[in-house]
Amino acid sequence: MPVRIYDISKKLGLENKEVLTKAKELGIVAARVASSSLDKITAEYLEQQLVLAYPERTAPPSPVAPSPVESTPSSASSPVEPAKAMTTSQVEVSAVLVEQATTSAATLSPIAEPSIGAVAISAPIEIPAPKPVPEPTPAAPSPVLLEPVARALAPEPAPQLQPPPPPLPPEPQGPKLGDKVGFIQLPPKPGPKIPEKVGAVKLPPRPPEPRRTDFSKRGDIRSVRGAYPPGGPAAPGSRFSSPQKPSTKPEPAAAKINLPADALVITIKPPIVVRELAEHLKQKPFKIIADLMQLGVFATVNQAIDELVAQRVCASYGFRFEVEKRERGSGIIHAPLKQVELDVEDKLDDLVARPPVVTIMGHVDHGKTTLLDVVRKSNVAAGEAGGITQHIGAYTISFPHPERKQELAQITFLDTPGHAAFSSMRARGANVTDIVVLVVAANDGVMPQTLEALNHARAAKVPIIVAVNKIDHPNANPLKVRQQLQDRGLVPDDWGGDTIFADVSALTKQGVDKLIEMILLQADLLELKANPNRRAKGNVIESGLEPGGPTATVLVRKGTLRVGDIILCGQYYGRVRALISEEGKRLKEAAPSVAVRVLGLNGVPEAGLEFSVVEDEKAARELAEQRRQEAKALGQEQPRAKVTLENLFAQLESTTSKVLKLVVKADAQGSVEAIVDALKKIESDKVSLEVIHSAVGTITESDVALASASHAVILGFHTRVDSGVADKAKHEGVQIKLYAIIYELIDQVKEGMAGLLEPILKDLTVGAAEVRKIFELSKGAPVAGCMVTSGRIVKGKVRIRRRKEIIYEGITQSLRRFQDEVNEVRAGMECGIRIEGFTEFQIGDNIECYAVEKVAQKL
């Protein structure tokens, strides 16, 4: 017969919730709710478990044997509370209590006779005399039952009774059908013998698992049938109960690992992965997995194991295992990657004077090379003329100071044929030049490359010293050179300007010493300083691949470069194996503003790259590898996105100063002047226009290099682009625009300048609707039944006006016409609108649909 859960709860006096919780713990899946039904055996088992779990709340009443004499209804009262049964008559109650005491004594002492009524009770009660019987040893009635009666009936204390003899144990009964009488321990089945390794650790056998008593299915009692008698688990003291004696057998202790004192130690950081452990043990992973299976551990090659298990596995191979502990107080096991400091701020107290770095620039055949040779030979530190054995692109000379004759001042010259390296350095933001010497021939005057060099120097914002060369030429006209350069903005110092002009002759060496003195005086005005007591930092001047390996000519700008330093340059690194001067001598160190050739890099860096000295070779290798991966991901051939007329705003929105830089090339000088004048007439307080270079001729690679370094746009008017220049411009990310009409050029430049300005955000109202009725829904925001009054209502941004005031702005969540979801509802039509996050509609509200437009500013 099925038994319900609430019947069990009512029977035991427990809550339904407690009964269901206990049934769930026992695995009785059929017990889901209070009305669930269980079969009788399962219910009895559940009741027994509940009695054991809640003994204080479900204790059964003390068993009372039935009286042989037919008792009155008052005899059903509990013997524990006899005072409540004294309401009928004292005689009747006393007789019943005496009979119960007699029955209890007979139950406790099976040897005593049932005639126990001869017990004397000092009370005025008439008790019928029992039949005469032999006089046995009087058995004392139950003191628990008689004590309340004696206290209630007798005014004086009852006489003390003799203690009864100790009861004999009940007669043993034989086992019934189905009872467990014992078991036979069978020997374990022999398995395949595995050869033991040297130093192997034997583990104790696994203890047998206890028999499961969980219910897997509803009514499944196979696991408990026979474990208890039909009445459930026996109560303590019954014949089914077997007292559990404490086990005296000691538990097997873990096997001790004995290894020699000189055993090799294996250290692994947690987690201990099987694959890593196999690598340290120099074993195949499947062997380690087999060893783990012998130890009772099942793990794959990618899973982690415990430290104790790893110790036992290592001990089987003769190794000692230790876990690498983290430092005390550290939050993580793995130490954070060391940050590579590429540059540090120098203190003013550590700065000392350094030599100036001078670059000589000018037009072709104006005497730059000859002047460099003369300056190089004027080095008083060189023992003899012609002492220079090789040319490395940079060199340092010593010359007496013009004011302090006893002091030898040093000057470092950079020999940069063309302007490629100079532009490359500026494009990377590294202006290594302190002073530019502009060489102009007195007979030719200002030439196109002279203007290019001038524009380069101005873009670098470095002082310019003009060297008027070839003054010994018969057609020399130094005054013409000054006049041409004055028109370009270089006013001579003797004319009231701030540009130093020096007349020299590289052939006759006339004025060369004066030029060097002017360079030193200009350097004093600049107050050039650097900190030599720090790690070196500088730029690459030239680089190449020679039989000895990659070489790079570097210019030290800060610190001191020494042999053995770890140098990092772009995606290449290495230890400095040698420092070679311009004379071919081996140096131990290179101070600031000194150019040397470096051997030891693992690759050829590009000219203009910045190098730094780091302390840790491992950190340098990781950083170089990271840069190599980034360069590989971006692609070396990927064009660098720079400035175009269309994306000027996107490129320069973060810059504070809005400047549009242009390079103008035309077919005639008149066209160039007309274009430049027209561009300069564009007036704007928000954006400034700067023409960094303008000339006559085709668009060359020099123009592309200048535009790339200055982030400028090249404008061509009635001209063409040289072969190969378009590919280079694409590679450098420089835009070249060609025009045939000057007004079109001016208009597009104005549009580009306006594109530098931030656009104005303007709201454009698309349509409006009036709320006529509100429909509440069971879930979500209510629906506003609207009539479109003007325009059209579309999904998107909306604002709600109530009495002409905006109370909410949000996004349309749903727009329906009848039952269909639509994207647009025109004027004069009804629709339902749900707005995301707004539920407080009122009849009469106006819903406006609008769009945000970006309007370009005008100059």
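**A glycine to begin with**

Modeller: Happy to! With 0% relative accessibility, Gly752 counts as buried. Keep in mind that this is a predicted model.

Colleague: Which helix does Gly752 lie in?

Modeller: Gly752 belongs to helix α19, which covers residues 742–755.

Colleague: And how far apart are the C-alpha atoms of Gly752 and Val687?

Modeller: Those two C-alpha atoms are separated by 10.0 Å, while the residues are 65 apart along the chain.

Colleague: Let me zoom out. How many helices and strands does the chain have?

Modeller: There are 19 helices and 35 strands. Of the 859 residues in the chain, 38% are buried.

Colleague: What about contacts between residues at least 6 apart in sequence: what share joins residues at least 24 apart?

Modeller: That share is 71%.

Colleague: Now the inside. How many residues are in the largest nonpolar core?

Modeller: The largest nonpolar core has 28 residues, and those with the most contacts inside it are Leu371, Ile411, Phe413, Leu515 and Ile519. Among the elements that give two or more residues to this core are strands β8 (357–362), β10 (408–414) and β11 (435–441), along with helices α9 (368–377) and α13 (512–526). Helix α13 provides the largest share, six residues.

Colleague: Let's turn to sheets. What is the strand order in the open sheet of six strands?

Modeller: The order is β9-β10-β8-β11-β12-β13, and the pairing is mixed. Strands β9 and β13 stand at the edges with a single partner strand each, so one side of each has no neighbour in the sheet. On average, neighbouring strands of this sheet are turned by 30 degrees against each other, direction ignored.

Colleague: In what sense do β8 and β11 pair, parallel or antiparallel?

Modeller: They pair in the parallel sense, over five bridges. For a place to look, Thr359 has Val436 in β11 as its bridge partner.

Colleague: And the open sheet of four strands, what is its order?

Modeller: That one runs β25-β24-β26-β27, with parallel pairing. Its edges are β25 (688–696) and β27 (736–739), each with a single partner strand, so one side of each is left without a neighbour in the sheet. From one strand to the next, the twist averages 25 degrees.

Colleague: How many bridges join β26 to β27?

Modeller: Four bridges join strand β26 (residues 713–717) to β27, and the two run parallel.

Colleague: Last stop, helix α1. Which of its residues are buried?

Modeller: In α1 (residues 5–12), the buried residues are Ile5, Ile8, Ser9 and Leu12. Viewed down the axis of α1, these fall within an arc of 100 degrees, so they line one face of the helix. Lys10 and Lys11, on the other side of α1, are exposed.

Colleague: What do the buried residues of α1 pack against?

Modeller: They pack against β1 (3–4), α2 (16–25), β2 (37–38) and α3 (40–53).

Colleague: And which residue follows α1?

Modeller: Gly13 follows α1, and its phi is positive, near 75 degrees.

Technical notes. Residues numbered from 1 in each chain as written. Predicted model: local features only at pLDDT ≥ 70, side-chain atom pairs only at ≥ 80, totals over all residues. Heavy atoms only, no water. Core = buried A, V, L, I, M, F, W, Y, C linked by side-chain atoms within 4.5 Å. Buried < 20%, exposed > 50% of the residue type's maximum accessible area, 1.4 Å probe, protein only. Arc of directions from axis to C-beta. Contact = heavy atoms within 4.5 Å. Pairing = 2+ DSSP bridges. Axes fitted to C-alpha atoms, helices over the stretch in contact; angles between N-to-C directions.
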